[in-house]
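Hi everyone, thanks for coming along. Today I'd like to walk you through one protein chain, step by step. Please have a look at it first, and then we'll go through it together.

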Amino acid sequence: MVKTVRLEPIAQESAIETMGNLLSVLINKDLDVLKECGGRGMCATCHVYVQDGMDSLTPINRREQRTLEVITSCKSNSRLACQARVIGSGVIVELPLGMYINSIKDIEALIGRRAEQDLLHPINGQVLVESGKLITRSMLKKIEDTTSFNMSNYFLNSSGV
């Protein structure tokens with residue numbers, strides 16, 4: 001049976017089959033979602049806020065809970081879109097502001113420009129570069145020194161549920 005999910009702040013609605021995950025809605029709307037962990041619930045690249053209809057989603061599992069605990073922008077209505085499956089109607093999802101970065105190369109290409117939006121770490125959602133701030137080589141070095149960007153190493157060291 002088809003359900004409808006509304007995406008805010010872009011005010012778009014999308015149909016989804018019962019037990020389909022919210023990630024498929026984001027992908028169907030051509031939103032740039034990194035899916036860094038391949039939909040295994042181990043990164044923050046599909047983190048969303050559920051404005052309404054939390055009871056119309058499957059419960060949070062242990063893996064998702066562990067991941068949400070390390071996301072710095074996590075709220076009580078946070079979910080990972082790859083893990084949240086739609087079981088009822090009335091789900092309204094708010095997309096977090098900012099752009100997730102999955103490699104230092106993503107930032108290198110922006111050196112000398114101002115960040116158009118917050119640049120976020122894909123594992124914990126930490127703001128790496130605030131919106132409007134100039135992206136410099138020294139800032140890039142600081143990020144490399146203080147933030148683990150070895151995503152493949154992170155996933156190799158992460159166990160299943």
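Glutamate 13, for instance, counts as partly exposed at 48% relative accessibility.

Now, where the picture comes from. This is a predicted model, in which local features need pLDDT of at least 70 and side-chain atom pairs count only at pLDDT 80 or more, while totals for chains, interfaces and linings use all residues. Residues are numbered from 1 along each chain as its sequence is written, and side-chain values use heavy atoms, with hydrogens and water left out.

First, the overall layout. The chain has 5 helices and 8 strands; helices (H or I, at least four residues) and strands (E, at least two) are DSSP runs, numbered from the N terminus. Along the sequence they come in the order β-β-α-β-α-β-β-β-α-β-β-α-α. Of the chain's 161 residues, 43% count as buried. Contact, by the way, means heavy atoms within 4.5 Å. Among contacts between residues at least 6 apart in sequence, 59% join residues at least 24 apart.

Next, the inside. In soluble globular proteins, nonpolar side chains tend to be buried together. A nonpolar core here is a set of buried Ala, Val, Leu, Ile, Met, Phe, Trp, Tyr and Cys residues joined through side-chain atoms within 4.5 Å. So which residues touch the most other members of the largest core? They are Val5, Leu22 and Val93, out of 23 residues in that core. Strand E1 (2–8), helix H1 (22–28), E3 and strand E5 (91–94) are the elements giving two or more residues to this core. H1 gives the most, with 4 residues. Another core lies apart from it, with 9 residues, among them Leu110, Leu119, Leu128 and Ile135. Back to valine 93: leaving aside neighbours within four places in sequence, its contacts are Val5, Arg6, Leu7, Glu8, Leu22, Val48 and Tyr49.

Two names in that list, Arg6 and Glu8, bring us to charges. Side chains of opposite charge can pair when their charged atoms come close. I count a salt bridge when a side-chain nitrogen of Lys or Arg is within 4 Å of a carboxyl oxygen of Asp or Glu. By this rule there are 3 salt bridges. Arginine 6 pairs with glutamate 8 at 2.6 Å, N to O, and also with glutamate 13, where the closest N and O atoms are 3.6 Å apart. Arginine 6 is partly exposed at 27% relative accessibility, whereas glutamate 8 is buried at 18%. The remaining pair is arginine 79 with glutamate 64, at 2.7 Å, N to O. Arginine 79 sits in strand E4 and glutamate 64 in helix H2, so this pair ties together parts that are 15 residues apart in sequence. Both of these residues are buried. As for the others, shared partners join Arg6, Glu8 and Glu13 into one network.

That takes us to helix H2 itself, residues 62–70. Which of its residues are buried? Arg63, Glu64, Thr67 and Leu68. Seen down the helix axis, these buried residues fall within an arc of 130°, so they line one face of H2; the arc is that of the directions from the helix axis to the C-beta atoms. An α-helix has 3.6 residues a turn, so residues three or four places apart point the same way. On the face turned away from the buried side of H2 you'll find the exposed residues Arg62 and Glu69. The cover over the buried residues includes strand E3 (47–52) and strand E4 (78–80). At the N-terminal end, asparagine 61 caps H2, with a side-chain oxygen 3.2 Å from the backbone nitrogen of arginine 63.

One last stop: the loops. Threonine 58 is in the loop between E3 and H2, and counts as buried at 14% relative accessibility. Not counting residues up to four places away, threonine 58 touches Met19, Arg79, Gln83, Ala84, Arg85 and Ile87. Methionine 19 lies in the loop between strand E2 (12–17) and H1, and has a phi near 75°, a positive value in a residue other than glycine. Most residues other than glycine have a negative phi. Methionine 19 is partly exposed, with a relative accessible area of 41%.

Key: Buried means under 20% relative accessible area, exposed over 50%, partly exposed in between (1.4 Å probe, protein chains only). A polar contact is a pair of N or O atoms within 3.5 Å; within protein, one must be able to donate a hydrogen and the other to accept it, and residues adjacent in sequence count only if both atoms are side-chain atoms.
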